[in-house]
Protein chains: 2
Amino acid sequence: MLNRDYNDPACSIAGTLGLIGERWTLVILREVFLGRRRFSEMQRTTGVARNILSSRLDRLVDEGILERRPYSEHPERHEYLLTHKGLDLWPVLVDLLHWGDKHLDREGEPPLKLIHKDCGGEIDDRRICESCGKHLGPRDARAVYSGDPVAAATA
Amino acid sequence: MLNRDYNDPACSIAGTLGLIGERWTLVILREVFLGRRRFSEMQRTTGVARNILSSRLDRLVDEGILERRPYSEHPERHEYLLTHKGLDLWPVLVDLLHWGDKHLDREGEPPLKLIHKDCGGEIDDRRICESCGKHLGPRDARAVYSGDPVAAATA
């Protein structure tokens, strides 16, 4: 556990990183926010090693950030859903997305945009709809992939 | 470099994590935001190993997130300042702080609060002042430590 390494357990930043700051954890949470809830889907789209994916998912379930739910009995298979605690991590992912869109050295349009479901407006860096001004939560947004506005994944 | 491990270089979230997602990096950036700009200060307050601190700082300078500036010639010593690119990471740290304040299992007041310098209002999770409604940036905020409202560090 990462937080054992940090010197200041009283700091909320270090404490949060102790739960979600391990390699791959935020990429895995991104997958769940994008609607890819099953082990095999996440493994395929991220390329993460199966043992790491498995250990990260276990930890996120233990910490109450994800909830494991069966979707098949034979064979036994589970999918992973965000709890309220997990949904509250949405701002972190939105910030990482916006920072990367602005600062990564890359050509062309950002590969993924977040759109307000109700009005189609873009979401700004305070998670406010640029079009209608509404303060948005994860359930209000959908992801639109560059060049393919129809293939939108929903949180 | 972490981003070599991620399968989707086109994703801004993975790309950003490739730059700042290594262990300790965000804790080190927290230090700089709190005004602890010197190697020895950061090393003392975080307890990070010197070789790791050194390698993380080098990387952040290489990526244009921090700027290295000499403050002593004999012996040669440097301090680290946030560039514009670095200052743009403030929202990530504010989110991690707010999430930890809300969800970490801890007693009592949050150890650190962010206050709007001008009016003393608290900063909400969209970085808006709860008192005056202003949209705040890192230069508008100061940190107040629990139980010691006078000992405030400034970004």
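Biologist: Which domains is chain A divided into?

Modeller: Domain bounds come from an automatic or database domain assignment. Here, chain A splits into domain 1 (2-87) and domain 2 (90-154). Before we go on: this is a predicted model, where local features need pLDDT of at least 70, side-chain atom pairs count only at pLDDT 80 or more, and totals for chains, interfaces and linings use all residues. Residues are numbered from 1 along each chain as its sequence is written, while chains are lettered from A and ligands numbered from 1 in the order in which they are written.

Biologist: How many residues of domain 1 of chain A are in contact with domain 2 of chain A?

Modeller: Two residues are in contact if their C-beta atoms, placed from the backbone, lie within 7 Å. By that rule, 7 residues of domain 1 of chain A are in contact with 6 residues of domain 2 of chain A. On the domain 1 side, H2(A) gives the largest share, 4 residues.

Biologist: What does the secondary structure of chain A come to?

Modeller: Helices (H or I, at least four residues) and strands (E, at least two) are DSSP runs, numbered from the N terminus. Chain A has 6 helices and 5 strands, and along the sequence they follow the pattern α-α-α-α-β-β-α-α-β-β-β.

Biologist: On to the two chains. How many residues of chain A are in contact with chain B?

Modeller: 40 residues of chain A are in contact with 40 residues of chain B. On the chain A side, helix H1 (12-20), helix H2 (25-33) and helix H6 (90-103) each supply at least two residues, and the largest share, 11 residues, comes from H6(A).

Biologist: Which residues have the most contacts inside the largest nonpolar core?

Modeller: A nonpolar core is a set of buried Ala, Val, Leu, Ile, Met, Phe, Trp, Tyr and Cys residues joined through C-beta atoms within 7 Å. Buried means that 20 or more other C-beta atoms lie within 10 Å of a residue's own, with C-beta atoms placed from the backbone. The largest core has 76 residues, and Ile13(A), Leu93(A) and Leu93(B) have the most contacts inside it. Ile13(A) touches residues including Leu26(B), Val27(B) and Leu93(B).

Technical notes
A residue is buried if 20 or more other C-beta atoms lie within 10 Å of its own, exposed if 12 or fewer, and partly exposed in between; C-beta atoms are placed from the backbone. Lists of a residue's contacts leave out its neighbours within four places in sequence.
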